[in-house]
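Please work through each one before reading its solution.

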Amino acid sequence: MSERSKPTVSVAAGKGGTGKTLFATSLAVALSEIHPGQVQLIDCDVEEPNADILLHPQITQHTPVNVLVPQVDLDICTRCGLCAKHCQFSAIAVIRDAVITFPDLCAACGVCAYVCPVGAITEVNRQVGSVAHGSTVRGIEFVQGRLSVGDQRATPVTRATGSCNDDSMITILDAPPGTACPMQETIEFSDYCILVTEPTPFGLANLEDSVETCRRMGIPCGVVINRDQAGRPGVEDYCTREGIDVLLHIPEDREIAEAYARGETLADAFPQWHDELVRVYEDVIRSLSQTATAKVEE
Ligand code: SF4
Ligand code: SF4
């Protein structure tokens with residue numbers, strides 16, 4: 001566990017639609033009952049943020065997320081073409097007397113400005129998303145990143161959103177689905193990653209990718225099996241083989257699906273789930289403490 005008073009737990013899934021956000025928001029609601037005013041939910045799924053639909057926060061502030069893109073001073077530029085030659089993303093082109101930039105393709109790497117021999121390139125801000133800040137009626141601090149429509153640079157927005165992590169609070173990060181850069185940018189902020197999956201061959205394949213990603217990054221992980229059904233032991237068997245804790249089984253249940261469709265978390269709609277959700281968090285803390293103790297004894 002990192003040197004902080006309260007841990008950060010990320011909730012991830014190998015694909016969308018597994019119930020990741022339902023679990024993350026339900027965990028936040030359950031924990032807010034026993035730790036009032038000490039829970040923070042950060043929605044890092046910036047391409048399709050939807051934790052607000054389940055937590056109904058009051059948003060009080062929006063912060064823009066900018067990246068630096070090149071602006072060329074044609075009075076200084078000698079049309080040498082070095083910038084275009086070194087750009088890996090074809091985001092700047094020198095065609096005869098014109099130097100054309102394509103800000104939507106730009107990865108904001110700064111290479112063009114670095115290689116320009118005459119200092120003709122200035123880096124200017126371009127907004128790629130925003131971060132909303134607010135709180136819920138239960139006192140959960142709420143943060144949500146959102147990528148600008150038509151933009152594809154999710155990673156800087158994810159990074160800006162995840163960096164709102166408050167060390168003094170119990171923080172739950174709702175990660176983007178999959179195992180690409182935005183997911184990794186999110187779980188990097190966490191002490192432990194809860195992987196939500198389904199008991200299907202597709203769910204298992206995605207889970208294997210997610211576990212591999214967590215292990216490569218050195219982030220301990222456990223599994224929540226959503227829409228669980230009897231007679232589908234594939235995910236459970238895999239976790240047993242790999243020594244991964246199965247933290248919770250959420251059954252395939254029409255009432256849960258209906259509550260979700262109404263915009264209610266498990267903890268809101270079914271008070272009997274409170275203890276189970278809190279128990280998951282306590283299991284995570286126990287696992288982190290055991291790992292820390294084992295490291296000290298080594
Ligand atoms: S590297 Fe600089 S001088 Fe050369 S074409 Fe690009 S902007 Fe112009
Ligand atoms: S900042 Fe990087 S990606 Fe953008 S135009 Fe310059 S070299 Fe290309």
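**Exercise 1.** State how many residues surround ligand 1, and classify them.

*Solution.* Step 1: ligand 1 is surrounded by 14 residues, the closest being Cys77, Cys80, Leu82, Cys83 and Cys116; a residue counts as near if its C-beta atom, placed from the backbone, lies within 6 Å. Step 2: this shell comprises 11 nonpolar, 2 polar and 1 charged residues. Here Ala, Val, Leu, Ile, Met, Phe, Trp, Tyr, Cys and Pro are nonpolar, Asp, Glu, Lys and Arg charged, and the others, Gly among them, polar.

The model is predicted: local features need pLDDT of at least 70 and side-chain atom pairs pLDDT 80 or more, while totals for chains, interfaces and linings use all residues. Residues are numbered from 1 along each chain as its sequence is written, with chains lettered from A and ligands numbered from 1 in the order in which they are written.

**Exercise 2.** Characterise the shell of ligand 2.

*Solution.* Step 1: the residues around ligand 2 include Cys87, Cys106, Cys109 and Cys112. Step 2: by class, 11 are nonpolar, 1 is polar and none is charged.

**Exercise 3.** Determine how the axes of α7 and α8 are arranged.

*Solution.* Step 1: α7 (residues 201-217) and α8 (residues 234-242) pack at about 25°, their axes 9 Å apart; helices are DSSP runs (H or I, at least four residues) numbered from the N terminus, and axes are lines fitted to C-alpha atoms over the stretch in contact, with angles from 0 to 180 degrees between N-to-C directions. Step 2: the two helices, α7 and α8, are therefore roughly parallel (angles under 35 degrees).

Note on methods
Parallel < 35°, antiparallel > 145°, perpendicular 65-115°, else oblique.
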